[in-house]
Amino acid sequence: MIEPRPELSKLSDYVPGKSIEEIREQYGLKKIVKLASNENPLGASPKAVEAFHQIADCLHLYPRGDAPTLIRAIAQKYGVKTEQIVVGNGSDEIIDMVGKAFIRQGDNCVGITPTFSVYKFTTLSNGAEFIGVGEGDAKTSLDDLAKAIDSKTRVAFICNPNNPTGTYYTESEIREFLKKVPQNVLVFLDEAYSEFATAADYPNMFSALDEYPNLFINRTFSKIYGLAGLRIGYAIASTDVVRHLWKVKPPFDVNQAAQVAAIAALDDAAHVEATRKMNAEGIEVLTREFTALGFKVLPTQANFICVKIGERARELVSFLEKNGMIVRGLTSFGMPEYIRVTIGKPEENEFLVMLVKKWKAEA
């Protein structure tokens with residue numbers, strides 16, 4: 001028998017949200033709305049779709065592994081050097097590359113909790129210990145996170161805004177944290193949902209990159225740009241950090257379609273603004289409706305809301321699925337009484353509210 005690495009005994013399988021196909025097969029439904037995976041309900045940028053179609057005759061060719069055109073576009077957008085950027089097959093691969101490059105057996109990594117599970121997965125799979133700081137729906141203090149750092153810490157993970165709670169940290173909070181962190185600890189600032197943030201004090205941390213060479217800003221094209229199906233993420237950090245990631249980066253991981261679509265999406269400000277507007281309006285509507293029904297809704301700066309349903313949360317998730325609505329139960333995040341709802345189109349939000357009212361009335 002071939003023995004696996006001992007680290008695998010500490011890992012559990014990732015639990016994704018259910019797909020439209022799964023629910024259709026299970027219940028035989030025709031109308032199904034998915035508000036579970038924080039995808040863009042408006043779809044991909046029209047410019048990105050056009051760029052995708054234009055390369056149909058080149059699919060037999062390998063992509064440029066160094067993605068130079070895309071990296072130049074990202075550098076121009078954020079005013080950074082091309083040498084500060086690395087791209088990957090989704091943010092998941094960026095996180096994996098950080099693990100391969102910097103996390104050693106016997107180390108530890110710290111992170112706010114509850115949060116995106118891939119941080120812990122990557123830490124454990126590289127033989128290190130993950131130290132989670134925080135519990136439930138309360139915003140974790142970065143002071144407490146700093147106190148968890150010791151001589152074995154390699155990476156501090158901060159999701160801002162945080163998935164699944166939607167809470168966020170201001171620039172002053174993050175800068176105070178950076179002051180307390182040793183320079184040999186990488187601060188992984190995951191800004192996957194940053195483009196949705198509307199708070200006046202939501203941070204712009206690109207200006208801090210020169211001041212803090214251990215700051216690592218991670219972003220994605222999966223959320224506001226609507227390219228989740230093409231799997232493309234990117235990160236901006238010091239040239240010293242980034243050059244190590246290129247050593248462990250697979251050579252052809254970001255495919256041609258993802259590269260050209262991402263370039264076009266960056267140039268589609270109208271699509272981004274339409275998405276932001278719809279998202280802000282949807283947050284207001286769903287927060288009002290769930291609150292009126294007696295549920296606790298956490299304030300959010302992302303494209304989802306986190307709602308405390310109570311001990312019957314799983315029942316609600318099951319009821320919604322049977323009636324063609326997919327939301328995300330948060331048991332795997334350690335929040336079994338909560339659900340996470342992606343903001344949808346107005347008619348999708350209305351359908352959800354109608355079903356929740358029906359479920360509550362039948363209780």
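**Close-up 1. Contacts of Ser-222 in the predicted model**. Apart from neighbours within four places in sequence, Ser-222 is in contact with Leu-227, Ala-228, Arg-231 and Ile-232. With one of these residues, Arg-231, the side chain of Ser-222 makes a polar contact through its own side chain, at 3.1 Å. Ser-222 is placed in the loop between β7 (215–220) and β8 (233–236), and because its relative accessibility is 7%, under the 20% cut-off, Ser-222 counts as buried.

**Close-up 2. The open sheet of seven strands**. The strands follow the order β2-β8-β7-β6-β5-β3-β4, and their pairing is mixed. At the edges stand β2 (85–88) and β4 (129–133), each of which has a single partner strand, so that one side of each is left without a neighbour in the sheet. Direction ignored, neighbouring strands of this sheet are turned against each other by 20 degrees on average.

**Close-up 3. Pairing of β3 with β5**. Strand β3, formed by residues 108–112, pairs with strand β5, formed by residues 153–159, in the parallel sense and over four bridges. Within this view, Val-110 stands opposite Ala-156 in β5.

**Close-up 4. Helices α5 and α7 on the strands**. Helix α5, which comprises residues 118–125, lies across β3, β4, β5 and β6 (186–190), and runs at about 150 degrees to β4. Helix α7, comprising residues 171–180, packs on the sheet, where it touches β5, β6 and β7, and its direction makes about 160 degrees with that of β6.

Notes:
Residues numbered from 1 in each chain as written. Predicted model: local features only at pLDDT ≥ 70, side-chain atom pairs only at ≥ 80, totals over all residues. Heavy atoms only, no water. Helix = DSSP H or I, 4+ residues; strand = E, 2+ residues; numbered from the N terminus. Buried < 20%, exposed > 50% of the residue type's maximum accessible area, 1.4 Å probe, protein only. Polar contact = N/O pair within 3.5 Å; in protein donor to acceptor, adjacent residues only side chain to side chain. Contact = heavy atoms within 4.5 Å. Pairing = 2+ DSSP bridges. Axes fitted to C-alpha atoms, helices over the stretch in contact; angles between N-to-C directions.
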